[in-house]
Amino acid sequence: MALREINRSVRLLMGQIQRCGSGVASKHSARCLSQAAARPEPTPNVNEAVNPTFVNRNPRNLEQMALAVKDRGWKTTWPHQQFYHRLMFSRSQHHVTAEVFSYTSPVPVLTCSTKEWAVKKELASTNCVAACQAVGEVLAHRCQQAGIMRMVYRAIPWTYRSEGVQAFRAAMKQGGVILSEPRRKYVGT
């Protein structure tokens with residue numbers, strides 16, 4: 001019985017193959033003679049064309065590639081004006097403050113100080129070496145969140161060797177901030 005069913009299915013299959021090969025129209029011939037459709041040629045879309053007068057709307061991109069223009073300023077001014085971001089660290093009699101300035105604005109982009117309650121409540125004293133380190137850690141975290149990974153830091157020469165300034169610099173470096181900027185690349189046109 002099983003041999004008859006196998007024999008019958010083989011005969012039906014052979015008949016379908018013969019019909020597809022001979023070109024006889026049947027309900028199975030369309031399936032046998034079908035082919036994959038050709039892919040259409042892509043047409044250029046006006047919305048995807050690149051504008052020949054491209055305007056960069058993200059100046060930070062040029063900064064990160066070291067292609068943005070740095071303002072040179074006067075050579076005799078201190079601190080110098082040739083930077084994308086500059087870190088200013090100051091200690092007063094009662095507090096420690098750190099600010100990050102952009103070359104485009106005199107207003108600080110990021111700040112951290114022991115005057116902030118969140119920083120002050122964790123410290124025993126607001127002007128000690130531990131306070132400098134805490135301000136460095138918090139400012140490094142804020143710089144990471146803002147996407148500022150490189151900045152210029154030039155300490156005042158007579159305060160550079162103090163323990164507080166060294167602790168601040170070490171905390172910034174451990175936080176992933178590089179305290180120097182790449183040299184500007186000049187691209188010929």
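The largest nonpolar core has 25 residues, where such a core is a set of buried Ala, Val, Leu, Ile, Met, Phe, Trp, Tyr and Cys residues joined through side-chain atoms within 4.5 Å, and buried means under 20% relative accessible area with a 1.4 Å probe, protein chains only. The model is predicted, so that local features need pLDDT of at least 70 and side-chain atom pairs count only at pLDDT 80 or more, while totals for chains, interfaces and linings use all residues. Residues are numbered from 1 along each chain as its sequence is written, and side-chain values use heavy atoms, with hydrogens and water left out.

**Core**
- Among the residues with the most contacts inside this core are Leu-87, Leu-139, Phe-168 and Met-172.
- Helix α5 gives the most to the core, with seven residues; helices (H or I, at least four residues) and strands (E, at least two) are DSSP runs, numbered from the N terminus.
- Leu-139 is in contact (heavy atoms within 4.5 Å) with residues including Leu-87, Val-100, Phe-168 and Met-172, when residues up to four places away in sequence are not counted.

**Sheet**
- Four strands form an open sheet of mixed pairing in the order β3-β2-β1-β4, where two strands pair if DSSP finds at least two bridges between them.
- β3 (108-113) and β4 (152-153) are the edge strands, each pairing on one side only.
- Strands β1 (residues 85-91) and β2 (residues 96-102) pair in the antiparallel sense over seven bridges, and Leu-87 stands opposite Val-100 in β2.
- β2 and β3 are also antiparallel, over five bridges, and a hairpin of five residues joins β2 to β3.

Methods. Buried < 20%, exposed > 50% of the residue type's maximum accessible area, 1.4 Å probe, protein only.
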